[in-house]
Amino acid sequence: FIVRLGNGIQRGDCQQYLPLLKHRHPVVREFAARSLGGCLTSSDEALILELLGHDEPDVRWEALDALDNKAWSPKHIPLLARLLADDPNPRIAALAAQILGTRGAIEAIPDLRRGVGSYMQKVSDACRNALKKLGVNPH
């Protein structure tokens, strides 16, 4: 099974991948998400923030990774705390917790403590690890 993407797709212009995020084939949506993650820069902050609300978990993952690695600012701490609390995908919520811990977001300690009690083991573990990075006993 091969999906032809066409000759118009070139790396470097993030906007060209946006229509592919709605493609009917999951493999194309995944390609678009990975490609977006690879081309986003700090100047794409508005797009990154918009993509954090996308329906596809792979798109949210790539946007969150881009936010952390290319457009980080402490002003994003409340957004990450909301993703930690509200994202239904444990992979996304766990990455949000990891970023909060790595970035030294002491403002998010209450959110991370709540996350330790998550029914999603991956999220709970990520919150414990984040709290340890912040020098807080997770128990």
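## Helix H4 and its cover

In this predicted model, the buried residues of H4 are covered by several other helices, including helix H2 (45–51), H3, helix H5 (90–102), H6 and H7. The residues of H4 that are buried are Ile-77, Leu-79, Leu-80, Ala-81, Leu-83 and Leu-84.

Is His-76 buried or exposed? With a relative accessible area of 3%, His-76 is buried, because this value is under the 20% limit. Apart from its neighbours within four places in sequence, His-76 is in contact with Glu-45, Leu-49, Leu-67 and Ala-71.

## Overall architecture

The protein contains 7 helices and 0 strands. Along the sequence, the elements follow the pattern α-α-α-α-α-α-α. Taken along the principal axes, the box filled by the C-alpha atoms is roughly 55 × 30 × 20 Å.

Of the 139 residues in the protein, 46% are buried. The accessible surface comes to about 7700 Å², and carbon and sulfur atoms account for 50% of this surface. When contacts between residues at least 6 apart in sequence are considered, 51% of them join residues at least 24 apart.

## Helices H5 and H7

How are H5 and H7 oriented to each other? Their axes come within 8 Å and cross at roughly 0°. Because angles under 35 degrees count as roughly parallel, H5 and H7 are described as roughly parallel to each other.

On the H5 side, the contact is made by Pro-90, Arg-91, Ala-93, Ala-94, Ala-97, Gly-101 and Thr-102. On the H7 side, Lys-122, Val-123, Ala-126, Cys-127, Ala-130 and Lys-133 take part. Sorted by class, the contact of H5 with H7 has 8 nonpolar, 2 polar and 3 charged residues.

## Helices H6 and H7

Helix H7 (residues 121–133) also packs with helix H6 (residues 109–116), at an angle of about 140° and with the axes 7 Å apart. H6 and H7 are therefore oblique to each other, since roughly antiparallel would require an angle over 145 degrees. The crossing in which H6 passes H7 is left-handed.

Which residues bring H6 and H7 together? From H6 come Ile-109, Leu-112, Arg-113, Gly-115 and Val-116. These meet Val-123, Ser-124, Cys-127, Arg-128, Ala-130 and Leu-131 in H7. By class, this contact comprises 7 nonpolar, 2 polar and 2 charged residues. Val-123, Cys-127 and Ala-130 of H7 are named in the contact with H6, and these three residues also belong to the contact with H5.

## Ala-33 in helix H1

Ala-33 is located in helix H1 (residues 26–39). Its relative accessible area is 1%, so Ala-33 counts as buried, the limit being under 20%.

Which residues does Ala-33 touch, leaving aside its neighbours within four places in sequence? Ala-33 is in contact with Leu-21, Asp-58, Val-59 and Glu-62.

Technical notes: Residues numbered from 1 in each chain as written. Predicted model: local features only at pLDDT ≥ 70, side-chain atom pairs only at ≥ 80, totals over all residues. Heavy atoms only, no water. Axes fitted to C-alpha atoms, helices over the stretch in contact; angles between N-to-C directions. Helix = DSSP H or I, 4+ residues; strand = E, 2+ residues; numbered from the N terminus. Parallel < 35°, antiparallel > 145°, perpendicular 65-115°, else oblique. Left-handed = near helix turned anticlockwise from the far one by under 90°. Contact = heavy atoms within 4.5 Å. Nonpolar A, V, L, I, M, F, W, Y, C, P; charged D, E, K, R; others polar. Buried < 20%, exposed > 50% of the residue type's maximum accessible area, 1.4 Å probe, protein only. Areas by Shrake-Rupley, 256 points an atom, 1.4 Å probe, with all protein chains shown as cover.
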